[in-house]
Amino acid sequence: MKAPRISSQTLRVLEQFVERPSTWRYGYELSRETALKSGTLYPILMRLANYSLLETKWVTTHDGVPPRHTYRLTPKGLALARTSLGQSRSRRKSRQLALSGRET
Amino acid sequence: MPKTYLRRFAILLLRAAIRIAPHDTLDWGNAMLNELSCMEGDWAALWWAIGGARVLTKHALLSIIIPGNHPRTVSGPGALFAKENSMRKATLSVIAACAAASFLFLLAPAFRQGFAVSQMQWHAMTTHSWPRSVSPALKTLEQQAEKTHDAEALAFVALRTPNQTESTRLADEAVQLDPKLVWLYATVAPKPSEAEDWIRKLEQWDPQNALPHFIEAENIDIAQALTGKVPQHTSDESPAWQNTMAAAFRSTKLDDYHDRLKALDRRVVAQHDFGDPYQVLEGECEPCWPSYLSSDASRYAKSMLESGEALEAHGDRKGALKKYLAVARFGQMMTPDGDFLMDRIFSLVVNRPLKENYQRLASLYQKQGENEQAELYALLARKAAQSEGDYRILARQEAAGDAVTRWNASLVEVSGLLMPFSAGLLLIWALAVIAKNKSLRLTALRASSGTLALGLSSAIGLLLSSAVLYVSYRPYAEIFQQFIRTGNDRRIPEFGEFLDYTQTPLGAHGLWNQADFVFYFWLRVSALCVLALLFVVIRHLAHHHRAATTT
């Protein structure tokens, strides 16, 4: 299966996962950290899961609170995230260099 | 955390979205729902739910349009309409709600009136006889009026009865009951045998009015046209015509009794709750003038001018001035209020001899050294020349019609065709489903996916066409009501134009007009979209059938 299209919003989500790769994350927590609304965040998570880049798990926290869906990148997802983020950073760096060169 | 109304609404919204979501997205739906319990702030929870519901709805729609897009759907690609799915009950509820909402429109009088107007295109296609038959509502009003000796209602019917014998009888009866209604003799078309008697009565009742003389002149014109003896020149006209036109030009006023007619119509419509706009406006949109009035007035004014010029050439300035002043006085009396297209056309015909007449008067007064009078008539001549140009532009614009009115009329006609079609289809569908299940309870009804799709399409079609009909016709119902309530007839010509368009069968006026072409273009695009959607649904159902046979 080919890799999904990596949008800037997807990169933001991947960035959060890469910061703490082994931690299971909640949807609301991700939404707050990436400043993405549910209507944007969940299609990204669904797409990543569809490409087997994301694993999901239901967890029960404490009484009265319904079980929550948690997410973590798979090893394949983590590799793709690191590559994509690296490429993105180098692109950003070369753009900055080009801009500073134009200024001087 | 206590649940506020906003949070409850957010939960309900997401639950509703989960109900229609495909099975492979249920986990995600529940994930979004359960996150709500950990969220702070009700508004934040609501926005979260709205975003989530949007995602789930998109997936639900995609699962219908692209079969196989959700391969892990538990109940197969036909799940949305499948008998075992919760959507079956929801679909039945949607069909019932659409049908109920469509019937609710019937409570609005504007909608009922609009629907009746939309059906007039059929009337135009099926009625070829002339004179047209009287509408049942008008016939009922006539019977009531005769029973109760209601003079005004009889007059109202007489004005709208195409059969001359019948209209003469009704008008006579109305005038006998109420002698103040003699003006009816100027507005109702009489039997030829009664015409002369009616003119005499009118002349006696309103001796200063030019209208009876114009009616008499018209009768002479018609008689000449019928015998084929139409004079080439005005000077060849019979003495009777000359005398009656001279009397018309001597009159001090020209009253077509339109104000009386309008007041009578409003009273009768309000009293008898007569809601047929076609019948009401039949006596309203046209000025109540004889058809030959413009040409007779123009021809006579020209002949007066010619005789004035002849007198002037012989040095009889006093005699010429008398002729010119008679035409000028007539011109002032005839100045139209500009409300109706017919007024403008009339102005166009009569304005030219008037302009020439003012020029003659200006020149004559100048010769006599009366400069003030000469300037006044020169000014009037310039004004007449200017208004001739204005009237010509206005008449051309109004004859071309208004694109918005035409568009609205076409929308009303399309809705008027779709509504009975959808309602009929829905009725047959409902009867078939009830007969098959032998029950009237919603929960007990079972229907296949194809049957449900057909019922849903009919119900949505019925609701949409009802809404479009109501929205398109509502402004015209308001114009009509305003006319009945306040007598404001400023926009009645626009309404009259709209009614004229709705009498033309749909598609009959779409070939030569650019605005109509645009309308029919979009109508065809919409029809193609509906066909495409139908194709997708059929493909979806066929896929479902194949999946069912292979498992």
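A crossing of two helices is left-handed if the near helix is turned anticlockwise from the far one by less than a right angle, and right-handed if clockwise. The model is predicted, so that local features need pLDDT of at least 70 and side-chain atom pairs count only at pLDDT 80 or more, while totals for chains, interfaces and linings use all residues. Residues are numbered from 1 along each chain as its sequence is written, and chains are lettered from A and ligands numbered from 1 in the order in which they are written.

**Exercise 1. Describe how H8(B) packs against H9(B).**

Step 1. Helices are DSSP runs of H or I with at least four residues, numbered from the N terminus. The axes of H8 (residues 151-160) and H9 (residues 164-177) of chain B come within 8 Å and cross at roughly 155°. Axes are lines fitted to C-alpha atoms over the stretch in contact, with angles from 0 to 180 degrees between N-to-C directions.

Step 2. H8(B) is therefore roughly antiparallel to H9(B), the term for angles over 145 degrees. The crossing is left-handed.

Step 3. Contact requires C-beta atoms, placed from the backbone, within 7 Å. In H8(B), B:Ala151, B:Leu154, B:Ala155, B:Val157 and B:Ala158 meet residues of H9(B) that include B:Leu170 and B:Glu173. By class, this contact has nine nonpolar, one polar and one charged residues. Ala, Val, Leu, Ile, Met, Phe, Trp, Tyr, Cys and Pro count as nonpolar, Asp, Glu, Lys and Arg as charged, and the others, Gly among them, as polar.

**Exercise 2. Determine whether B:Pro190 is buried or exposed, and state what B:Pro190 touches.**

Step 1. B:Pro190 is found in the loop between H10 and H11 of chain B.

Step 2. A residue is buried if 20 or more other C-beta atoms lie within 10 Å of its own, and exposed if 12 or fewer. B:Pro190 has 22 such atoms and is therefore buried.

Step 3. Leaving aside residues up to four places away in sequence, B:Pro190 touches B:Gln164, B:Thr168, B:Ala195 and B:Trp198.

**Exercise 3. Check the span of H12(B) and identify what covers its buried residues.**

Step 1. The expected span is 1.5 Å times one less than the number of residues. The 17 residues of H12(B), 211-227, should therefore span 24 Å, and the end C-alpha atoms are 25 Å apart, which agrees.

Step 2. Buried residues of H12(B) include B:Leu211, B:Phe214 and B:Asp221. Their cover includes H10, H11, H13 and H16 of chain B.

Step 3. B:Gly228 follows H12(B), with a positive phi near 75°.

Methods
Helices (H or I, at least four residues) and strands (E, at least two) are DSSP runs, numbered from the N terminus. Two residues are in contact if their C-beta atoms, placed from the backbone, lie within 7 Å. Angles under 35 degrees count as roughly parallel, over 145 as roughly antiparallel, 65 to 115 as roughly perpendicular and the rest as oblique.
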